[in-house]
Amino acid sequence: MALSGAHKDRELRIHESLDELSTDLADYIAELSEASVKERGVFAIALSGGSLISLMGKLCEAPYNKTVDWARWYVFWADERVVAKSHADSNYKLARDGLLFKVPIVPSHVHSINDSVSAEEAANEYEFVIRQVVKSRIISVSDTSDCPKFDLILLGMGSDGHVASLFPNHSALEETDEWVTFITDSPKPPPERITFTLPVINSASNVVVVVTGDSKAEAVHLALDDVGPDCPLVPARMVQPTTGKLVWFFDKPAASKLDGSQFSK
Ligand SMILES: O=C1O[C@H](COP(=O)(O)O)[C@@H](O)[C@H](O)[C@H]1O
């Protein structure tokens, strides 16, 4: 790893290459899975879409494909595009083709949205599904709110600073009553999406944000550095787990505009 630093309840890991990042990410997810299975017997993980899935690809290779206890994984999505599961824009399809089909995850443990209803219905149904899984204790409950406490929520970040499908200046950022909400006006296509709300993201035991590429460097700076109140508030800055651990994984271009004073070699 090129640089790492812990600052303000978060850890930042900056990697020399995408290959190094992918290995570190696979190691970290495997460690969290092992710890959670040891403690609770299960691992409740929420995925995102985008570049994250290919960066998780090493989990499908040795040693992880054999050492991870895949049968104990319960898989959810932090956000999903309201399109058919066979559509190229589907986050489910991306994860299915890039990860879930390549490892022995139990199909009934994979909880994707209903793709044949409206965005609003899909969000309501998905929240209902999560509530049932919480009742069965496969997902824990937060100690500080009524929210589900996922063992791990994995997020990417767009160059506008969006995480999951929480976009800058969107009213969905203020949603505190629902666990899952919907939008029909996403600035990034496709327009109809469902997304975990901030209280759910911030109730997780672990949140990982994975960001690569220089097009995201400015948003990384706005999300993490001590910028003034006149700077735009990017959604990624609002990812602040209440008691859970937050780790950011970067390649060097994505971290190139970060204030370097918080790192050590
Ligand atoms: O639209 C989305 O974008 C973000 C970021 O994607 P990336 O390809 O720039 O990494 C992703 O995390 C989110 O799940 C997805 O729906």
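Among contacts in the protein between residues at least 6 apart in sequence, what share joins residues at least 24 apart? The figure is 74%, with a contact meaning that two C-beta atoms, placed from the backbone, lie within 7 Å. Keep in mind that this is a predicted model, where local features need pLDDT of at least 70, side-chain atom pairs count only at pLDDT 80 or more, and totals for chains, interfaces and linings use all residues. Numbering starts from 1 along each chain as its sequence is written.

Overall, you're looking at 7 helices and 12 strands; these are DSSP runs numbered from the N terminus, with helices being H or I of at least four residues and strands E of at least two. The radius of gyration is 17 Å, close to the 18 Å from the globule rule for 265 residues, so the protein is as compact as a globular protein of that length. That radius is taken over C-alpha atoms, and the rule is 2.2 Å times the number of residues to the power 0.38. Buried residues account for 43% of the 265; buried means 20 or more other C-beta atoms within 10 Å of a residue's own, exposed means 12 or fewer, and partly exposed is in between, with C-beta atoms placed from the backbone.

Now for helix 5, residues 119-135. Here Ala119, Ala122, Ala123, Tyr126 and Ile130 are buried. Just after the helix, Arg137 takes a positive phi of about 70°.
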